[in-house]
Amino acid sequence: MTRPKLDNRYDMVIAGAGMAGASLAAELAPHAHVLLLEAEDHPGMHATGRSAAFWMQSYGGAAILPLTAASGACLAGLGFLTDRCALHIGRTCDIATLERFEQEYSAAGIGLKRLDRSGIEALVPGLREGWIAGLLEGDAKDIDVAGLHQHYLALAHRSGAQIRCRAGLVSAERETEGWLLTLADGSRLRCETLVNAAGAWADEVARLAGVRPLGIQPLRRTMVQLRTGRNVPDDLPLVLGIDGSFYFKPEGGRLWLTPHDEHPSPPCDAVAEEIDVAIAIDRLEQVIDWPVRRVEHKWAGLRSFAPDRIPIYGRDERQPGFFWFAGQGGFGIQTAPAAARLAAQQLLGLPYDAMTGQLDPARYDPARFGWK
């Protein structure tokens, strides 16, 4: 596949240098001439740079679990995981939801431990009345998102990939043997395969290339960093409402909190809205009695989902020179190693290995959306 490395010709051009694009470039670069494009001043300024990521096998559902599990050993081996158990809590009205959660994920091999009110209180000081039941997911971890992203960018660079910032895609014209691309800086180049790892802009990139969009929807998620009136324990679990209405975790003596919101948004530089910050704090105050002293920082990121909320990895059925690596929602960080390895093997025609051998590529194939 690899051809002489002319300045304006590449085997593969990847649109998007967040975690998705960086991890895929790192996998591809030892085997192909790769260019990684970033529209912003620096890679990872949107979803990747705004993640409060954790590695938690139950996060994302059954379709995501195999990718998360396959990525775990790699993330641990690289040193980007640290211990942080997860605690799913509920009230009387949530007991049935907790039981279904336990049944589904215990059957999938995830270790869960039931906790009563006293067990939850031992882990979450200041717990308000009403929170009576919990499930402890003991093998959840924190992820060093910035460290992992920089690792992939550096690995891609060392393996020969080129990275260009302030070089968003303006147009993509199909030619006999590939693509003619025009970038925002006015430069033009050619490639055999255009890889769409543009996150919230994935459907926009498809339109530029004359490829049918898949309905990838960016959803805004709000995060708040709080200074509270009591010390935040370093060993506080990631605490999640089983009803999906909040989660919070410690971070450097502060509390990171989200109302777990999902507001449809156009692709943009998302910002937190005051109403969502207020909702987040109100939900926190219904869980613990910690006084909120100050909102120190607030931000928002766009988590982009396919219509079925399952990521999309594969060649476009109508345009095989266009490869989808998008729709990774809020789980693109914790699944990055396995997702990138699987996509690279598909692009390069390489056999599946120990990391990807148990994955089902058809589950993530864009052809599932029925192009006939």
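This is a predicted model: local features need pLDDT of at least 70, side-chain atom pairs count only at pLDDT 80 or more; totals for chains, interfaces and linings use all residues.
**Entry 1: the tail end**

I started with P366, which is buried, with a relative accessible area of 0%. My cut-offs for that: buried is under 20% relative accessible area, exposed is over 50%, and partly exposed lies in between (1.4 Å probe, protein chains only). P366 sits in the segment after helix 8. I looked up its C-alpha distance to D316, 50 residues apart along the chain, and got 6.6 Å.

**Entry 2: what I am looking at**

Residues are numbered from 1 along each chain as its sequence is written, and side-chain values use heavy atoms, with hydrogens and water left out.

I checked pLDDT next (the predictor's confidence in each residue, from 0 to 100). The chain has a mean of 94, and 95% of its residues reach 70 or more. Residues 1-6 are another matter, with pLDDT below 50. That stretch still has 15 contacts in the model beyond near neighbours in sequence, a contact being heavy atoms within 4.5 Å.

**Entry 3: the cores**

Which residues have the most contacts inside the largest nonpolar core? I found I14, L24, L28, I143, L148 and F325, in a core of 48 residues. Such a core is a set of buried Ala, Val, Leu, Ile, Met, Phe, Trp, Tyr and Cys residues joined through side-chain atoms within 4.5 Å.

I then listed the elements that each supply at least two residues of this core: strand 1 (9-15), helix 1 (19-28), strand 2 (34-37), helix 2, helix 5 (145-158), strand 20 (322-326) and helix 8. For the element names, helices (H or I, at least four residues) and strands (E, at least two) are DSSP runs, numbered from the N terminus. Helix 8 gives the most to the core, with nine residues. There is also a second, separate core of 29 residues, and L87, A270, A272 and A280 are among its members.

Is helix 1 enclosed or open? I count 10 of its 10 residues as buried, so helix 1 is largely enclosed by the rest of the structure. The buried residues include M19, L24, E27 and L28. They pack against strand 1, strand 2, helix 5, strand 12 (188-196), strand 20 and helix 8.

I took L24 as my way in. Not counting residues up to four places away in sequence, L24 touches I14, V195, F325, A340, A343, A344 and L347.

A344 is buried at 4% relative accessible area. Leaving aside neighbours within four places in sequence, A344 is in contact with L24, E27 and L28. I also took its C-alpha separation from P233, 111 residues apart along the chain, which came out at 41 Å.

**Entry 4: helix 2 on helix 8**

How do the axes of helix 2 (residues 65-78) and helix 8 (residues 336-348) cross? They come within 6 Å and cross at roughly 105°. That makes helix 2 roughly perpendicular to helix 8, a label that covers 65 to 115 degrees. Axes here are lines fitted to C-alpha atoms, for helices over the stretch in contact, and angles run from 0 to 180 degrees between N-to-C directions.

On the helix 2 side I noted L67, A70, S71, C74 and L75, and these meet A336, P337, A338 and A339 in helix 8. The residues of this contact divide into eight nonpolar, one polar and no charged. The classes I used: Ala, Val, Leu, Ile, Met, Phe, Trp, Tyr, Cys and Pro are nonpolar, Asp, Glu, Lys and Arg are charged, and the others, Gly among them, are polar.

**Entry 5: loops**

S159 is in the loop between helix 5 and strand 9 (162-164). I have S159 as partly exposed at 24% relative accessible area. S159 touches A29 and P30, not counting residues up to four places away in sequence.

D144 is in the loop between strand 8 (141-143) and helix 5, and is partly exposed at 38%.

R166 has phi near 50°, in the loop between strand 9 and strand 10 (169-175), and is exposed at 52%. H260 has phi near 60°, in the loop between strand 16 (254-258) and strand 17 (263-264), and counts as partly exposed at 23%.

Technical notes: Angles under 35 degrees count as roughly parallel, over 145 as roughly antiparallel, 65 to 115 as roughly perpendicular and the rest as oblique.
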